[in-house]
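The stops below go one by one.

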Amino acid sequence: MKQIFNFSAGPAVLPKPVLERAQAEMLDWHGSGMSVMEMSHRGKEFTSILEKTEADLRKLMDIPSNYKVLFLQGGAIAENAMIPLNLLNGSEADYVVTGSWSKRSVDDANAYGKINVVASGEADKYTYVPDYSSWKLNKNAAYVHICTNETINGVEFDGLPDTGGVPIVADMSSHILSRPVDVSQYGVIYGGAQKNIGPAGLCIVIVRDDLLNRASKLTPAVFNWKVQAENQSMINTPPTYSIYIAGLVFEWLLAQGGVAAIEQKNIAKATLLYDYIDSTEFYSNNIALSNRSRMNIPFFLRDESLNDVFLKGAAENGLLQLKGHRMVGGMRASIYNAMAIDGVRALVSYMKDFESKH
Ligand SMILES: Cc1ncc(COP(=O)(O)O)c(C=O)c1O
(Lines give C-alpha, C1' and ligand atoms only; values in the text may rest on other atoms or scores of the structure.)
Protein backbone atom coordinates (compact mmCIF):
# COMPACT_ATOMS: atom_id res chain seq x y z
CA MET A 1 0.00 0.00 0.00
CA LYS A 2 1.43 3.39 -0.87
CA GLN A 3 2.31 5.75 1.99
CA ILE A 4 -0.17 8.61 2.28
CA PHE A 5 -0.78 11.29 4.88
CA ASN A 6 -4.41 12.21 5.43
CA PHE A 7 -4.99 15.80 6.58
CA SER A 8 -8.79 15.55 6.62
CA ALA A 9 -10.64 17.59 9.25
CA GLY A 10 -12.95 14.66 9.93
CA PRO A 11 -13.61 11.85 9.59
CA ALA A 12 -9.89 11.82 10.06
CA VAL A 13 -6.81 9.66 10.29
CA LEU A 14 -6.86 6.96 12.99
CA PRO A 15 -3.79 5.35 14.57
CA LYS A 16 -2.59 2.50 12.35
CA PRO A 17 -2.13 0.08 15.29
CA VAL A 18 -5.80 0.63 16.13
CA LEU A 19 -6.93 -0.24 12.60
CA GLU A 20 -4.65 -3.28 12.58
CA ARG A 21 -6.05 -4.50 15.86
CA ALA A 22 -9.64 -3.95 14.68
CA GLN A 23 -8.74 -5.93 11.56
CA ALA A 24 -7.28 -8.78 13.61
CA GLU A 25 -10.33 -8.85 15.89
CA MET A 26 -12.89 -8.32 13.15
CA LEU A 27 -14.19 -11.87 12.82
CA ASP A 28 -13.58 -13.17 16.31
CA TRP A 29 -13.41 -10.79 19.24
CA HIS A 30 -11.37 -12.35 22.06
CA GLY A 31 -12.45 -15.89 21.28
CA SER A 32 -16.17 -15.05 21.37
CA GLY A 33 -16.58 -16.27 17.79
CA MET A 34 -18.33 -12.97 16.97
CA SER A 35 -17.43 -9.63 15.50
CA VAL A 36 -18.13 -6.70 17.86
CA MET A 37 -20.69 -5.59 15.25
CA GLU A 38 -22.67 -8.77 15.85
CA MET A 39 -22.81 -8.69 19.64
CA SER A 40 -25.82 -7.84 21.76
CA HIS A 41 -25.19 -4.47 23.34
CA ARG A 42 -26.46 -5.92 26.63
CA GLY A 43 -24.32 -9.06 26.54
CA LYS A 44 -21.31 -9.52 28.82
CA GLU A 45 -18.81 -9.08 25.97
CA PHE A 46 -20.01 -5.68 24.86
CA THR A 47 -20.68 -4.55 28.43
CA SER A 48 -17.01 -5.22 29.21
CA ILE A 49 -15.97 -3.18 26.15
CA LEU A 50 -18.16 -0.25 27.19
CA GLU A 51 -16.99 -0.31 30.79
CA LYS A 52 -13.31 -0.41 29.82
CA THR A 53 -13.80 2.36 27.25
CA GLU A 54 -15.35 4.61 29.87
CA ALA A 55 -12.72 3.73 32.48
CA ASP A 56 -9.90 4.51 30.04
CA LEU A 57 -11.46 7.84 29.06
CA ARG A 58 -11.83 8.72 32.73
CA LYS A 59 -8.15 7.89 33.23
CA LEU A 60 -7.02 9.87 30.18
CA MET A 61 -8.99 13.00 31.08
CA ASP A 62 -8.86 12.54 34.85
CA ILE A 63 -12.65 12.90 34.96
CA PRO A 64 -13.90 13.52 38.53
CA SER A 65 -16.42 11.05 39.96
CA ASN A 66 -19.23 13.65 40.01
CA TYR A 67 -19.25 13.69 36.18
CA LYS A 68 -21.15 11.21 34.03
CA VAL A 69 -19.75 10.00 30.72
CA LEU A 70 -22.36 9.37 28.01
CA PHE A 71 -21.89 7.67 24.65
CA LEU A 72 -24.61 9.13 22.45
CA GLN A 73 -25.56 9.25 18.78
CA GLY A 74 -26.31 12.14 16.47
CA GLY A 75 -22.91 13.81 16.48
CA ALA A 76 -22.08 17.17 17.97
CA ILE A 77 -24.81 18.87 15.96
CA ALA A 78 -27.50 16.85 17.73
CA GLU A 79 -26.04 18.08 21.02
CA ASN A 80 -26.44 21.67 19.81
CA ALA A 81 -30.17 21.14 20.25
CA MET A 82 -29.91 18.82 23.24
CA ILE A 83 -27.87 21.28 25.30
CA PRO A 84 -30.70 23.82 25.58
CA LEU A 85 -33.27 21.04 25.92
CA ASN A 86 -31.31 19.54 28.82
CA LEU A 87 -30.20 22.77 30.51
CA LEU A 88 -32.28 25.80 29.62
CA ASN A 89 -35.48 25.04 31.49
CA GLY A 90 -37.16 28.37 30.76
CA SER A 91 -34.02 30.35 31.45
CA GLU A 92 -31.53 32.05 29.08
CA ALA A 93 -28.03 31.10 27.95
CA ASP A 94 -24.89 32.94 26.83
CA TYR A 95 -23.02 31.94 23.68
CA VAL A 96 -19.62 33.06 22.45
CA VAL A 97 -19.11 32.95 18.69
CA THR A 98 -15.52 32.30 17.66
CA GLY A 99 -16.08 30.57 14.32
CA SER A 100 -18.46 28.68 12.09
CA TRP A 101 -19.16 25.88 14.57
CA SER A 102 -20.09 28.07 17.52
CA LYS A 103 -22.22 30.17 15.18
CA ARG A 104 -23.99 26.99 14.14
CA SER A 105 -24.52 26.19 17.84
CA VAL A 106 -26.30 29.52 18.30
CA ASP A 107 -28.50 28.91 15.26
CA ASP A 108 -29.43 25.44 16.50
CA ALA A 109 -30.13 26.58 20.08
CA ASN A 110 -32.22 29.61 19.12
CA ALA A 111 -35.39 27.55 18.72
CA TYR A 112 -35.38 26.56 22.39
CA GLY A 113 -35.19 29.78 24.35
CA LYS A 114 -33.43 33.09 24.84
CA ILE A 115 -29.90 32.81 23.49
CA ASN A 116 -27.54 35.77 24.03
CA VAL A 117 -24.47 36.18 21.85
CA VAL A 118 -22.16 37.76 24.44
CA ALA A 119 -19.02 38.04 22.29
CA SER A 120 -18.24 37.39 18.64
CA GLY A 121 -15.24 37.38 16.35
CA GLU A 122 -17.42 37.41 13.22
CA ALA A 123 -16.66 41.02 12.23
CA ASP A 124 -12.97 40.10 11.98
CA LYS A 125 -13.64 36.85 10.11
CA TYR A 126 -13.01 34.70 13.19
CA THR A 127 -9.31 35.28 13.57
CA TYR A 128 -9.17 35.32 17.39
CA VAL A 129 -11.08 34.59 20.58
CA PRO A 130 -12.52 37.92 21.79
CA ASP A 131 -10.75 39.09 24.93
CA TYR A 132 -12.49 37.57 27.96
CA SER A 133 -12.91 41.02 29.56
CA SER A 134 -15.13 42.07 26.61
CA TRP A 135 -17.64 39.24 27.08
CA LYS A 136 -21.02 40.59 28.21
CA LEU A 137 -21.86 37.65 30.46
CA ASN A 138 -25.21 37.43 32.26
CA LYS A 139 -24.98 36.18 35.81
CA ASN A 140 -28.41 34.55 35.54
CA ALA A 141 -27.56 32.55 32.43
CA ALA A 142 -28.14 28.79 32.70
CA TYR A 143 -24.78 28.21 31.01
CA VAL A 144 -22.11 29.77 28.78
CA HIS A 145 -21.48 27.91 25.52
CA ILE A 146 -18.08 27.98 23.81
CA CYS A 147 -16.34 25.98 21.10
CA THR A 148 -12.79 25.55 22.37
CA ASN A 149 -11.38 24.63 18.96
CA GLU A 150 -12.94 25.90 15.76
CA THR A 151 -12.22 23.24 13.16
CA ILE A 152 -13.04 25.39 10.14
CA ASN A 153 -11.36 28.63 11.19
CA GLY A 154 -8.38 27.22 13.11
CA VAL A 155 -9.04 29.17 16.32
CA GLU A 156 -8.31 27.52 19.68
CA PHE A 157 -8.94 28.80 23.20
CA ASP A 158 -5.95 29.60 25.33
CA GLY A 159 -7.23 29.20 28.92
CA LEU A 160 -10.76 29.84 30.17
CA PRO A 161 -12.63 32.92 31.36
CA ASP A 162 -14.07 33.32 34.84
CA THR A 163 -17.84 32.98 34.38
CA GLY A 164 -18.66 33.62 38.02
CA GLY A 165 -19.94 30.10 38.62
CA VAL A 166 -22.14 29.88 35.50
CA PRO A 167 -21.41 26.42 34.04
CA ILE A 168 -19.30 26.35 30.88
CA VAL A 169 -20.54 24.05 28.12
CA ALA A 170 -17.75 23.34 25.64
CA ASP A 171 -17.79 21.83 22.18
CA MET A 172 -14.37 20.11 22.12
CA SER A 173 -15.07 17.98 19.04
CA SER A 174 -11.84 18.79 17.28
CA HIS A 175 -9.29 18.96 20.09
CA ILE A 176 -10.57 16.67 22.81
CA LEU A 177 -7.69 14.52 24.14
CA SER A 178 -5.09 16.62 22.33
CA ARG A 179 -4.08 18.53 25.48
CA PRO A 180 -4.86 18.18 29.19
CA VAL A 181 -8.01 19.96 30.38
CA ASP A 182 -9.24 20.43 33.92
CA VAL A 183 -12.68 18.83 33.57
CA SER A 184 -13.82 20.35 36.88
CA GLN A 185 -13.81 23.78 35.24
CA TYR A 186 -16.65 22.73 32.92
CA GLY A 187 -20.31 21.91 33.38
CA VAL A 188 -20.46 19.92 30.14
CA ILE A 189 -17.85 18.82 27.60
CA TYR A 190 -19.01 17.25 24.36
CA GLY A 191 -17.44 16.12 21.14
CA GLY A 192 -18.17 14.18 17.99
CA ALA A 193 -15.82 11.22 17.72
CA GLN A 194 -14.63 11.44 14.14
CA LYS A 195 -11.43 13.42 14.80
CA ASN A 196 -9.46 12.38 17.87
CA ILE A 197 -11.64 9.52 19.11
CA GLY A 198 -12.86 7.14 16.42
CA PRO A 199 -15.50 6.66 13.73
CA ALA A 200 -18.39 9.06 13.14
CA GLY A 201 -21.70 8.17 14.72
CA LEU A 202 -20.63 8.58 18.32
CA CYS A 203 -20.76 11.71 20.44
CA ILE A 204 -19.22 11.80 23.90
CA VAL A 205 -20.90 13.95 26.53
CA ILE A 206 -19.24 14.51 29.91
CA VAL A 207 -21.70 16.18 32.26
CA ARG A 208 -21.51 17.28 35.89
CA ASP A 209 -24.18 15.43 37.79
CA ASP A 210 -25.85 18.47 39.37
CA LEU A 211 -26.84 19.53 35.82
CA LEU A 212 -28.88 16.38 35.19
CA ASN A 213 -32.16 17.62 36.63
CA ARG A 214 -32.95 20.48 34.32
CA ALA A 215 -34.26 18.86 31.15
CA SER A 216 -37.37 20.16 29.44
CA LYS A 217 -40.24 17.69 29.16
CA LEU A 218 -39.80 17.90 25.39
CA THR A 219 -36.35 16.30 25.52
CA PRO A 220 -36.43 12.93 23.73
CA ALA A 221 -35.44 10.10 26.08
CA VAL A 222 -32.49 9.10 23.88
CA PHE A 223 -31.10 12.61 24.27
CA ASN A 224 -32.06 13.14 27.90
CA TRP A 225 -28.71 13.07 29.69
CA LYS A 226 -30.23 11.98 33.02
CA VAL A 227 -32.14 9.09 31.46
CA GLN A 228 -29.05 8.02 29.52
CA ALA A 229 -26.82 8.34 32.61
CA GLU A 230 -29.20 6.10 34.56
CA ASN A 231 -29.14 3.53 31.76
CA GLN A 232 -25.40 3.35 30.99
CA SER A 233 -26.05 5.15 27.64
CA MET A 234 -28.29 2.22 26.64
CA ILE A 235 -31.80 3.60 26.56
CA ASN A 236 -31.54 2.51 22.94
CA THR A 237 -28.89 0.54 21.05
CA PRO A 238 -25.69 2.59 21.27
CA PRO A 239 -23.23 2.87 18.34
CA THR A 240 -21.44 -0.27 19.47
CA TYR A 241 -18.72 -0.52 16.84
CA SER A 242 -17.80 3.17 17.16
CA ILE A 243 -17.55 2.72 20.93
CA TYR A 244 -15.30 -0.31 20.46
CA ILE A 245 -12.94 1.61 18.14
CA ALA A 246 -12.96 4.57 20.55
CA GLY A 247 -11.87 2.12 23.25
CA LEU A 248 -8.96 0.95 21.08
CA VAL A 249 -7.96 4.58 20.45
CA PHE A 250 -8.02 5.25 24.20
CA GLU A 251 -5.79 2.21 24.82
CA TRP A 252 -3.41 3.45 22.12
CA LEU A 253 -3.35 6.91 23.71
CA LEU A 254 -2.59 5.47 27.15
CA ALA A 255 0.27 3.49 25.60
CA GLN A 256 1.61 6.75 24.11
CA GLY A 257 1.90 8.12 27.65
CA GLY A 258 -1.53 9.72 27.84
CA VAL A 259 -2.74 13.21 27.02
CA ALA A 260 0.21 15.13 28.49
CA ALA A 261 2.62 13.13 26.30
CA ILE A 262 0.54 13.49 23.13
CA GLU A 263 0.31 17.23 23.81
CA GLN A 264 4.09 17.51 23.50
CA LYS A 265 3.93 15.75 20.12
CA ASN A 266 1.07 18.02 19.04
CA ILE A 267 3.05 21.12 20.03
CA ALA A 268 6.05 19.87 18.03
CA LYS A 269 3.91 19.19 14.92
CA ALA A 270 2.07 22.50 15.03
CA THR A 271 5.26 24.47 15.69
CA LEU A 272 6.95 22.86 12.70
CA LEU A 273 4.17 23.92 10.35
CA TYR A 274 3.51 27.40 11.77
CA ASP A 275 7.23 28.21 11.92
CA TYR A 276 7.61 27.41 8.27
CA ILE A 277 4.48 29.36 7.25
CA ASP A 278 5.75 32.36 9.25
CA SER A 279 9.20 32.15 7.70
CA THR A 280 8.01 32.93 4.19
CA GLU A 281 5.82 35.43 2.37
CA PHE A 282 4.68 32.70 0.04
CA TYR A 283 2.22 31.26 2.60
CA SER A 284 0.24 32.87 5.42
CA ASN A 285 -1.97 32.09 8.39
CA ASN A 286 -4.01 34.99 9.79
CA ILE A 287 -5.02 33.74 13.24
CA ALA A 288 -3.89 35.63 16.38
CA LEU A 289 -0.75 33.90 17.69
CA SER A 290 -2.23 32.95 21.06
CA ASN A 291 -5.33 31.44 19.42
CA ARG A 292 -3.73 29.39 16.68
CA SER A 293 -5.13 25.89 16.71
CA ARG A 294 -2.73 22.99 17.16
CA MET A 295 -5.16 20.68 15.42
CA ASN A 296 -6.50 22.56 12.38
CA ILE A 297 -4.13 24.86 10.53
CA PRO A 298 -5.61 26.91 7.70
CA PHE A 299 -3.11 28.59 5.40
CA PHE A 300 -3.19 30.58 2.18
CA LEU A 301 -0.93 30.81 -0.83
CA ARG A 302 0.04 34.39 -1.64
CA ASP A 303 -0.97 33.67 -5.22
CA GLU A 304 -4.33 31.93 -4.89
CA SER A 305 -4.41 31.16 -8.60
CA LEU A 306 -1.91 28.38 -7.74
CA ASN A 307 -4.33 26.63 -5.34
CA ASP A 308 -5.35 23.87 -7.74
CA VAL A 309 -1.76 23.22 -8.82
CA PHE A 310 -0.73 23.05 -5.15
CA LEU A 311 -3.46 20.54 -4.31
CA LYS A 312 -2.78 18.38 -7.36
CA GLY A 313 0.94 18.21 -6.58
CA ALA A 314 0.20 17.50 -2.92
CA ALA A 315 -2.04 14.56 -3.83
CA GLU A 316 0.64 13.21 -6.19
CA ASN A 317 2.98 13.27 -3.20
CA GLY A 318 0.52 11.37 -1.00
CA LEU A 319 -0.58 14.49 0.93
CA LEU A 320 -4.37 14.24 0.92
CA GLN A 321 -7.41 16.36 1.86
CA LEU A 322 -5.59 19.69 2.20
CA LYS A 323 -8.26 21.82 0.55
CA GLY A 324 -9.55 24.51 2.92
CA HIS A 325 -13.17 24.59 4.01
CA ARG A 326 -15.40 26.33 1.46
CA MET A 327 -16.25 29.08 3.98
CA VAL A 328 -12.59 30.00 4.45
CA GLY A 329 -10.87 28.96 1.22
CA GLY A 330 -7.15 28.31 0.84
CA MET A 331 -5.72 25.20 2.47
CA ARG A 332 -6.19 23.50 5.80
CA ALA A 333 -4.00 20.85 7.40
CA SER A 334 -5.71 18.96 10.21
CA ILE A 335 -3.05 17.30 12.32
CA TYR A 336 -4.88 15.34 14.99
CA ASN A 337 -3.30 12.98 17.55
CA ALA A 338 -2.96 10.17 15.03
CA MET A 339 -0.99 12.28 12.52
CA ALA A 340 2.67 11.37 12.91
CA ILE A 341 5.26 14.16 12.80
CA ASP A 342 6.57 12.52 9.62
CA GLY A 343 3.35 13.62 7.92
CA VAL A 344 3.94 17.25 8.91
CA ARG A 345 7.59 16.97 7.81
CA ALA A 346 6.45 15.65 4.43
CA LEU A 347 3.95 18.51 4.10
CA VAL A 348 6.52 21.18 4.97
CA SER A 349 9.00 19.64 2.58
CA TYR A 350 6.41 19.69 -0.22
CA MET A 351 5.47 23.29 0.61
CA LYS A 352 9.14 24.35 0.43
CA ASP A 353 9.61 22.58 -2.86
CA PHE A 354 6.43 24.14 -4.25
CA GLU A 355 7.59 27.58 -3.15
CA SER A 356 10.96 27.15 -4.83
CA LYS A 357 9.28 26.16 -8.10
CA HIS A 358 6.70 28.98 -8.11
C1 LIG B 1 -16.10 21.84 16.41
C2 LIG B 1 -17.17 21.04 15.74
N3 LIG B 1 -18.41 21.05 16.26
C4 LIG B 1 -19.40 20.34 15.71
C5 LIG B 1 -19.20 19.56 14.58
C6 LIG B 1 -20.33 18.78 14.01
O7 LIG B 1 -20.17 17.45 14.29
P8 LIG B 1 -21.12 16.31 13.68
O9 LIG B 1 -21.01 16.39 12.20
O10 LIG B 1 -20.56 15.07 14.26
O11 LIG B 1 -22.50 16.57 14.17
C12 LIG B 1 -17.94 19.52 14.01
C13 LIG B 1 -17.73 18.69 12.80
O14 LIG B 1 -16.77 18.67 12.13
C15 LIG B 1 -16.90 20.28 14.60
O16 LIG B 1 -15.67 20.28 14.07
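**Stop 1: the sheet**

Select the open sheet of 7 strands, ordered S2-S10-S9-S8-S5-S3-S4 with mixed pairing. Strands (E, at least two residues) and helices (H or I, at least four) are DSSP runs, numbered from the N terminus. Two strands pair if DSSP finds at least two bridges between them. This is a predicted model: local features need pLDDT of at least 70, side-chain atom pairs count only at pLDDT 80 or more, and totals for chains, interfaces and linings use all residues. Residues are numbered from 1 along each chain as its sequence is written.

Now pick the edges, strand S2 (67–72) and strand S4 (114–120); each pairs on one side only. Next, show S2 with strand S10 (residues 203–208): 6 bridges join them, and they run antiparallel. Click Leu-72 and find its bridge partner in S10, Cys-203.

**Stop 2**

**Stop 3: Gly-121**

Go to the loop between S4 and S5, where Gly-121 sits. Is Gly-121 buried or exposed? Gly-121 counts as buried because it has 22 C-beta neighbours inside 10 Å. The cut-offs within that 10 Å are 20 or more other C-beta atoms for buried, 12 or fewer for exposed, and partly exposed in between, with C-beta atoms placed from the backbone. Last, select Val-348: it lies 227 residues from Gly-121 in sequence and 29 Å away in space, C-alpha to C-alpha.
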